[in-house]
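Please keep the sequence at hand while reading.

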Amino acid sequence: MEYIFRIMRYDPLKDMYPFFQDFIYQTQEKKSVLEALMDIRNEQDCTLSFRYSCREAICGSCAMVINGKFDLACRTELEMFESSLIVIEPLPNLEIQKDLLVDMEPFFEAMSKIEPYIQTEGGLSEEGYRIEEKEMEKIFQYINCIMCGCCYSACPVASRDERYLGPAALAKLYRFVKDPRDKRPFSNWSRVNTEGGVWGCDTIFKCNEVCPKNVRPADGIEALRRKLVVEKVKRIFRFKR
Amino acid sequence: MISQDILVVGGGLAGLAAALSSDPQLKVAVISKVHPLRSHSVAAQGGINAALGNTPDGRDDSWESHAFDTIKGSDYLADQDVAELMCEKAITAIYELEHLGVPFSRFPGGVIAQRPFGGAGFPRTCYAADRTGLVILHTLFEQSIKKQVRFYNEWLVTRLVVRDGKCLGVVVYDLTKGEIMPVKARSVIFATGGYGRVYQRTTNAYINHGSGIGIAYRGGVPLKDMEFVQFHPTSLYGKNILITEGARGEGGYLVNNKGERFMADYAPSAMELAPRDIVARAIQTEIDKGNGFEGQCLHLDLRHLGEAKIKKRLPGIREICIDFAGLDPVETPIPIQPAQHYSMGGIDVDKKCASCVEGFYAAGECACMSIHGANRLGGNSLLDTVVFGRIAGEEASNYVKECEETGDSEKILLDEALKVKRRVEEWMNKDSGEKVHKLLIRLKAIMSDKVGIFREKRDLTEALERIRALREDYKRVNISGSCLRYSQEIVNIFEFESMLDLTEVITLGALNREETRGSHFRLDFRKRNDRDWLKHTLVTWKEGEPQVSYKGVTINKYKPVERKY
């Protein structure tokens with residue numbers, strides 16, 4: 001098979017604007033987009049830059065936009081495409097460092113704002129915790145997040161409002177709030193009771209759509225909203241009594 | 001010049017564990033060639049061993065029994081005191097991880113779930129479905145956000161700077177800026193992982209070039225037991241993505257093209273849950289006998305486990321099969337074949353993770369202390385990383401508080417960085433030459449054809465000659481681009497030198513070791529030979545040559561006997 005790879009190139013130190021460059025790629029074997037990009041780099045242009053590591057959709061390195069679809073290059077097989085033209089772009093709404101490499105710092109920065117670590121009471125017990133599996137199952141959906149950044153990059157709110165924490169961080173917060181071991185006070189997690197937090201979400205569910213790991217971050221945002229409202233109501237009644 | 005008290009190289013589990021256990025009073029930083037969450041630890045699936053005794057069958061389990069299984073699994077090449085140390089610390093290590101937030105799967109009653117794994121007398125592998133590495137790595141990364149650990153991501157360490165037997169720091173290639181520069185450190189901890197990518201078929205990530213091990217070797221630290229290379233029995237046919245041992249732990253069958261559970265012929269009592277070296281050889285033997293599918297693979301059949309169990313306990317495996325092989329293990333057996341998976345050998349360190357170079361420590365897969373001996377048991381590598389990563393951080397902290405500063409270290413470091421810079425210029429100034437990716441293809445072919453699961457003298461001798469010939473070609477290597485920022489080619493050229501060193505050491509050790517032990521199977525010496533070979537191989541880089549020596553194995557409680565499963 002012969003493909004045309006139309007790849008967005010940009011070196012902010014040299015180029016005025018990003019531009020597309022075409023590469024002809026031939027292969028007899030079944031290849032993923034990532035494997036094809038590596039072949040192109042090795043055989044045609046060694047300056048082509050992109051991130052990769054595990055090649056099995058678990059490390060979150062190789063998120064990009066492939067023929068308009070947010071996905072991991074490693075799990076996207078070339079034979080999935082009907083056309084021989086493959087257009088590759090970096091994740092949008094993040095600064096391009098070089099070619100397909102984008103600056104993930106805003107994504108991780110938003111993540112760190114929700115205090116993404118367990119906040120337990122008391123020290124280490126010698127016997128461990130007793131937690132029923134069904135309690136843990138409530139968070140399993142969210143721990144599948146590999147922090148690839150697809151949801152953050154695709155989110156229309158995150159792209160226009162830099163205060164917005166974005167889907168991954170909010171879903172992560174919900175993961176902790178739902179964890180039976182986590183005892184963070186209401187005052188801690190209710191800080192997302194803002195436009196930059198859960199109320200910023202436009203409920204367009206772009207994040208659910210693009211997530212390559214089926215995390216459905218918007219489920220977490222919705223659940224946080226409900227929990228916030230319930231807690232607020234509880235507090236009002238407690239106050240009146 | 002950037003200067004640290006402790007510099008951890010590698011952001012996987014061992015590296016993060018080391019950084020988190022280092023004394024918070026000290027200046028600590030982690031250098032990683034990728035963002036820490038992209039480290040290969042993230043791909044670990046099946047679990048982490050500790051004798052918690054949470055299953056009905058496991059009530060009588062104890063850390064001593066775990067240590068015995070580890071030592072027996074190692075084919076008695078493990079240093080028994082070190083294996084005992086790890087297994088004794090395992091139970092607390094698991095509860096600590098749980099306390100830090102690791103979402104382990106649970107049994108009724110709420111205790112941590114455990115599944116049977118190969119070579120283990122009791123079900124003692126704790127897990128979070130089949131994404132155990134992902135959840136532990138993310139948890140330790142969360143803790144490093146809490147503790148505000150300093151990270152230098154996308155920096156490749158290219159050289160370890162040692163003077164008069166003392167470690168002074170490293171030289172790095174900063175990919176983000178395209179610069180070569182020195183980093184001063186009073187202590188350096190390597191947690192750089194394995195070298196799977198020297199083989200064609202490996203479960204390892206693309207980034208696992210093993211350069212950390214090679215850099216330590218060039219820094220004067222011996223490499224130990226490098227000939228022991230683990231081949232995992234079950235990698236997905238074609239892509240060689242890991243299919244966890246947990247799939248067999250949950251009850252999966254291995255089946256040949258005659259529909260037989262052939263493990264009955266190789267390990268009649270342990271069956272599919274024999275140690276990895278035995279199962280991998282059995283699979284390769286069946287394929288070689290013509291009992292494979294397409295002459296290349298066998299089947300791992302999970303269908304009898306039922307949809308509910310597969311979705312609950314092995315969701316990641318199901319996803320991998322759907323994404324990468326277009327099949328659903330609920331309905332179809334998984335085609336599998338053995339692939340390189342782990343390095344039992346590595347940088348020679350003691351049970352304090354300390355090497356012969358003052359201030360230089362190593363932990364995790366890149367290190368060899370030696371726990372796994374000639375064959376590692378599944379579920380022991382994650383344990384190794386968290387237990388010894390932590391010890392490395394603590395020991396390096398103790399060292400830094402007592403060591404004296406070397407006066408002229410900055411000048412030495414600058415000189416070394418300049419040398420590295422000149423090398424890069426040399427590669428860039430050549431108009432033509434060898435392309436590193438082509439050399440790598442040749443190296444992988446040599447290792448896969450000649451230094452694989454079954455080995456013999458003729459192949460090993462030929463491999464050694466061809467690896468040495470590749471060194472000559474490597475001298476002519478050049479870079480075709482002019483951009484220094486984010487140049488994967490520069491990374492590859494740096495790392496290829498280490499790959500040449502490692503493959504030479506692996507092959508040399510394998511050629512010399514005229515016996516069969518654990519993962520090292522010699523067709524021309526099919527028996528274990530304790531009289532001559534119950535000893536560790538050490539290879540040291542001296543005057544441009546590998547120099548081989550040996551040292552004894554620590555044996556205290558468990559007398560070596562023949563392994564039977």
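In what follows, a residue is called buried when its relative accessible area is under 20%, and exposed when that value is over 50%. The model is predicted.

**Backbone geometry**

In chain B, Asp75 is not a glycine, yet B:Asp75 has a positive phi of about 60 degrees. This residue belongs to the loop that runs between α2 (63-73) and α3 (80-100) of chain B. With a relative accessible area of 6%, B:Asp75 is buried, because that value is under 20%.

B:Glu543 likewise is not a glycine and has a positive phi, here of about 50 degrees. Its place is the loop between β20 (535-542) and β21 (545-552) of chain B. B:Glu543 is exposed, at 81% relative accessibility.

A further feature of the backbone is the cis peptide bond from B:Met369 to B:Ser370, whose omega is near -5 degrees. B:Ser370 sits in the loop between β17 (367-368) and α10 (380-402) of chain B.

**Cysteines**

Over all chains, the structure holds zero disulfides.

| Cysteine | Nearest cysteine sulfur | Distance |
|---|---|---|
| A:Cys148 | A:Cys150 | 3.8 Å |
| B:Cys321 | B:Cys297 | 12 Å |

Conventions:
Residues numbered from 1 in each chain as written. Chains lettered and ligands numbered in written order. Predicted model: local features only at pLDDT ≥ 70, side-chain atom pairs only at ≥ 80, totals over all residues. Heavy atoms only, no water. Disulfide = S-S within 2.5 Å. Helix = DSSP H or I, 4+ residues; strand = E, 2+ residues; numbered from the N terminus. Buried < 20%, exposed > 50% of the residue type's maximum accessible area, 1.4 Å probe, protein only.
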